[in-house]
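Open the model in your viewer and get ready to select.

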Amino acid sequence: MVDGPSTAGNGAGNVGEILAVGTRAPGSGRVQIDVPAKPGEPTLRWRSRVHTIPEIEQELARIWAEPNLETMIEGEPGRHVAARTSVMNLVVVARRPEVGERSAATIQLLTGRHPSRTMIVSAADPDGPSWLDAQIQAHCVLPRDDAPEICAELIYLTVGGESGRHLDAIVAPLLIHDLPVTIWWPEEPPFGKSQAMDLLSTADRLVVDGSGWSEDGLRRLRQLAGLLDTTMLSIRDFALVRQSRWREAIASIFDMPEFLPYLPSIRRIAVTYATHDDSGSPGSTNVVKPVYHVAWLASRLGMRVHKPLATNDGARRPATRRASPPARGGSPHMSRGLSATLGNGRLDVSVVVRPVLSDMPSGTTLRVELLSERRGSELRADVTAEQESVHVRVWVDGVEELDRGFSAPRRNDVDLLAEAIESGSRDPISDETLRMAADLVGPDAERPKLAQPVSMGASA
Amino acid sequence: MTAPTRPRTRPDAQPDAVPQPAPRPKDAPRTMKDVRLAREGRKKQAGRTLENPLREGLRLERVPDPCVLVLFGATGDLAHRKVVPALYQLWRTNLLPHEFVLLGIGRRPFDDASFRTELRGAAEKYSRVLPLDESAWRTFSERIDYQRLDFDDAKGYDALAGRLDDLDHERGTRGNRLYYLATQPSAFSEIVAQLGRVGLDHEVHGGGWRRVVIEKPFGHDLESAHRLNKEVGRVFRESQVYRIDHYLGKETVRNLLVFRFANGIFEPIWNRRHIDHVQITVAESIGVENRGAFYEETGASRDFLQNHLLQLMSLVAMEPPATFAADPLRDEKLKVLRAIAEKSRSDIAQDVVRGQYGSGWVAAESVRGYREEAAVDAGSETETFIAAKLMIDDWRWSGIPFYLRTGKRLPKRATEIAIQFKEVPHKLFRESATDPDPNLLAIRIQPDEGIMLRFGAKIPGLGIDVRSVTMDFTYGSAFAVDSPDAYETLILDALLGDASLFTRADEVEQAWGIVDPIIDAWADSPPPDFPNYESGTWGPDAADQLLARDGRRWRRI
């Protein structure tokens, strides 16, 4: 773990300022390492600080012109051949410094697995004069004791004033050509705004986490789905990727030949999610994850949306409004959540997405229930998850037929980012799920438009 | 020894290996209306198994069916070192079905509990992910049972049949059984015959599949392999038989197919016009260890040439299969083996080199010679090294030598395929101080799995000096994730019914048809002065001369 950027303020940083453990070699940005490199642990090997794009380019060239990035081997100065390795450009848009630091920590753990030129971009002081502060670092990791080091570049870019509204103009000249560009937007991408769309037009992939979006997250989810039609972006949402253990468990029910015939006859899908809001009213809790569960099932089973999600009292889903607080003195009345109707060509399928007060993080899926009726026989399936496992139970005509647990730990951001990156080009299953989710949300959000067509670019 | 016969055209070598077009099901939809109704779900499409649409896009698009893996030789070394750790790893990563039972079969008097304890010790020692995941091991061990059985005890198989029926009933394994023969090869025929006698080979209509996994060596010559194939074929259909060559399960070997056929730029130059020769090396630094008696009967030619080396060669040389399915893939490999030029006695004397290690130094340790090893004849004539030059008589490879070598007590453990390209047709940079080496593509199977491409580059400076540089891809650096062990890959494939990475009867026999004449020729002539190479060297001088005669040399590894 290394220090993140110091707050740039007016951008008057010093070139070559020491930011990490070790001492800076005179006249260069090389960092002398006092302890031997350990396999798998990223080490800061270079840092410098500049204020213009040409200076950044110059510094990046300097790093790799250094003949020797030394390290200590058994107490003696030695050398593992350090090679710059990049399989992609990774641009992280972080409005808050702590988000940038957290993202940088995640990316450094991926240095050995997906080395990239990483730019962590943040805009500051939008009303002041334009300025640029760039902290350039090189991190190296030994994959094994006997293997050469792999090094990757990390650039913290803080942009002030008018320049902050043109992040694409900062990022574009620093991209390694012919390598795919991934934009990781850990916070809330302003999809409708030109600065976001201009930046996305430079990218091949977009990684977001819809479960962190404000309010119910559904308006932004709809906008995200709109990008599938207006761009060539390959889109990965951590909220969806994270659910793979649920999907494996649900699919496993229908691997059993006696349950498989019930699959086309599903009549009801109910997803229960955690809320911290006493009323649990729609709009108060992010429901992107529960909606993804429904959307995945519906898209895999070829369903269509007949009635989009609406509050269970029949009103249209309030897109973003938080419900009024309960009347003084009265006990809060828990909302019945959202409902929708799907169709599979023959049958109507009712959908319920309902909140439950829980200590689990708000918006976390607690339970997925399926009800299927076939030739007078009824199958009920109930899937729940804990930190390390997923539990599946199935009843046929009221008799328990299956009760099993799967060891399936929750995945951290490093795993999720790695999977999002590895998946490369567009994933039809993910795209179909996202489109279905947008259909479920209904047509109450405008699709964002790109300022200009997105080039195909390279994809990995 | 009888004169060898190459099984070039024998039709009975592959009982049902050549796929025939499947007959059209009687009630298959015939008209557009039938097809449309079937697609709309209004009428079940005949002859088509329902598939789980929720599996699409998940880690496994199919999961193994509930089943019992019946492990013969469950108390042996192979089971402990490879099979059980691989099964545990598959279980730990949720790749085995919930209704799974490992039924160990052996002669030793274990009960279920003591056998589980025994296997836990093996998993703690040999699992590639340690320490053991207690929770995963607990649930896995609940699925381990043991049945004592002498392999030639007919009554024991009756009891086994009963036990398997009970397991199907109690554990929901649905009659699906994978018989894994991790025993001495001498027991294969007996076990297979007994399984057939009690009907354990029968795939019951709607009641489960039966497959048998057979470990190498599959026979010790063409005749014995053919006999064993026939004996196995009397009980199991070829499609039920999975012959393991664990090299085919290695990640880099599988990547060889991806490298060749998922990239457009290599296949156009993968032929005699651009390639000068191919070297395949399978080097071991270890000696025979405690397998002296086994090795005395096999030697390097049977232990490695007949299987690993020829399999690697056929993967390098084969034409692209039409689909990545078991039979099209194996058909193409078989064509390569069939096209390998038959060698006369004089060809063998000239193109094949045998060696036996003497004492020496390996990895800074003094080691004894082969003849001093335990259970090895003091005057042994068994080869521990073989190098051979093989030619493939087909349009793609005509005139291009494939140099193969394998041996024990070589300086290091390394398996590599080196594709040596031809020199440039015209030397443009005559003023360069050194001639650049021709391009070389090295595919490292182990260790440091990866691919290296060598090419010439200009040395920075005012003149035009050219030097060879390399582009190196290593799995460890590019992916930094552990590859599955070959046994994990192969066992999962067998459970899924995918035979792509298993060798077919006709392949095995064809490979013996290449090795048998060499062994016969050696049997008729005294060996060179064994031992003829020091431990810790790259084999006898004759191996170097084999290439030197052609103006080439072995690649330094």
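**Stop one: two helices**

Select helix H8 (residues 251–261) of chain B and helix H9 (residues 292–317) of chain B; their axes come within 10 Å and cross at roughly 15°. Keep in mind that this is a predicted model. Angles under 35 degrees count as roughly parallel, so H8(B) and H9(B) are roughly parallel to each other. Now look at the handedness: H8(B) passes H9(B) in a right-handed crossing.

Which residues make the contact? Show side chains on both helices. From H8(B), pick B:Val253, B:Leu256, B:Leu257 and B:Arg260. From H9(B), pick B:Leu312, B:Leu315, B:Val316 and B:Ala317. Colour them by class. The contact of H8(B) with H9(B) has 7 nonpolar residues, 1 charged residue and no polar ones.

**Stop two: an open sheet**

Stay in chain B. Here 3 strands form an open sheet, in the order E10-E9-E17, with mixed pairing. Which strands stand at the edges? They are E10 (365–367) and E17 (533–535) of chain B. Each has a single partner strand, so one side of each is left without a neighbour in the sheet.

Next, select strand E9 (residues 357–362) of chain B together with E17(B). They pair in the parallel sense, over 3 bridges. Strands of a sheet pair through backbone hydrogen bonds, either parallel or antiparallel. Opposite B:Gly360 stands B:Ser535 in E17(B).

Notes. Residues numbered from 1 in each chain as written. Chains lettered and ligands numbered in written order. Predicted model: local features only at pLDDT ≥ 70, side-chain atom pairs only at ≥ 80, totals over all residues. Heavy atoms only, no water. Axes fitted to C-alpha atoms, helices over the stretch in contact; angles between N-to-C directions. Helix = DSSP H or I, 4+ residues; strand = E, 2+ residues; numbered from the N terminus. Parallel < 35°, antiparallel > 145°, perpendicular 65-115°, else oblique. Left-handed = near helix turned anticlockwise from the far one by under 90°. Contact = heavy atoms within 4.5 Å. Nonpolar A, V, L, I, M, F, W, Y, C, P; charged D, E, K, R; others polar. Pairing = 2+ DSSP bridges.
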